Amino acid sequence: MRLSNFRYTLPKTRIADHPESPRDACKLMVLNRRKKDIEHKVFTDIVSYFKKGDLLVVNNSRVFPAKIFGQKEKTDAKIEVFLLRELNKEAGLWDVLVDPARKVRVGNKIYFEDDVVAEVVDNTTSRGRTIRFLNPDIDVFKMVEKIGQVPLPPYFTRKPKDSDRTDYQTVYASQTGAVVAPMGGLHFTMPLLEQIQKVGVKILPITLHPSLSTFNAIEVEDVSKHKMDSEYFNIPYQTAMEINETKVNKSGRVFVVGTTTCRALEANATVEGKIKFGQGWTDKFIYPPYNFKVTDALITNFQQPETTLMMVVSAFAEHRLLMDAYKTALKNNYRFLAYGDSMLIV
């Protein structure tokens, strides 16, 4: 497949910068791969597509307020520090992005609120740095809950609000470490999940912390040559066993929430469709054509053009059907991206 196959025009007016309230009141487009047809629903209608014995697999990754602001020593220049991931807890080492990068060099110290100090110990990319927090026994995750900002996607033009701390978070988020929300799950509410459970559906968690590479432009026309960044995942034993039992007994379908969950499962699937439990890192890249071993139905958002997220969905939905669906969504005033509407592909 070529990168240009995933190109479409997305008007800025179709990018939702606030979620529906309540979040499960958004639109739901349902794509049937076998019938090649499209239905228009609301998200709460999703309950009717489940049957007893089905599984709903969600990504319980929790976004932390990863943007913090400090002052450079001596000059007092304001520096934005975007915490990407913790490299070594005991040593206080973090992989970060800084802005303005030209002012931040190895050896510089940056001062934050509450007398927190970090030193730049390495340059990694043009904006990337490795920093070390110098305060002994500091809990960085607790610190950022107090002083950090929500890392909204770069396509938002507005600044984060207090409401984004809950809006840009799934209701089942529990495993802190993500800087990107698993947006396919943002539409679920606890009452809706309870309704789904009453049908006889088991809700199972996995963890995959999406990275900022989600938003990176693909720089090769031949998408098979694109390299994904590695992302942390954890598939609990119970989740793997439930999926394996369902697959072996053919007692239900596996509904997967979001491309992150899909990638984690498919990266740890055997040829027979069984899942291996455990934690690690994956750079699994799914694009058409791809034989899905675990995923029977996919719940996702409307994605940016020419992104790896769109390619996962295209591989599952069948490319032509997906592009027709996106055209239909634009004609019918669907809202796109993280705070936008939802799509169920069965």
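A: The part to look at is the second largest cavity, whose lining is made up of P19, E20, R23, C26, D167, L186, H187, A338, Y339 and G340. The model is predicted, so local features need pLDDT of at least 70 and side-chain atom pairs count only at pLDDT 80 or more, while totals for chains, interfaces and linings use all residues. Residues are numbered from 1 along each chain as its sequence is written, and side-chain values use heavy atoms, with hydrogens and water left out.

A cavity here is a set of points, on a 1 Å grid over the protein atoms alone, where a 1.4 Å probe fits but cannot get out, and a lining residue has an atom within 4 Å of a point. The second largest cavity has a volume of about 70 Å³, where volume is the space filled by probe spheres set on the points, which are joined across faces, edges and corners. Its lining divides into five nonpolar, two polar and three charged residues (Ala, Val, Leu, Ile, Met, Phe, Trp, Tyr, Cys and Pro are nonpolar, Asp, Glu, Lys and Arg are charged, and the others, Gly among them, are polar).

One of the lining residues is C26, which counts as buried at 1% relative accessibility (buried is under 20% relative accessible area, exposed over 50% and partly exposed in between, with a 1.4 Å probe and protein chains only).

The largest cavity is lined by 19 residues, with A181, P182, M183, T259 and L309 nearest its centre. Helix 5 (258-267) and strand 16 (297-301) are the elements that each give two or more residues to this lining, and helix 5 makes the largest share, three residues (helices are DSSP runs of H or I with at least four residues, strands runs of E with at least two, numbered from the N terminus). The lining of the largest cavity has eleven nonpolar, eight polar and no charged residues, whereas three charged residues are found in the lining of the second largest cavity.

Methods: On a 1 Å grid over the protein atoms alone, a cavity is a set of points where a 1.4 Å probe fits but cannot get out, and a pocket is an open set with protein on both sides within 12 Å along at least five of seven lines; lining residues have an atom within 4 Å of a point.
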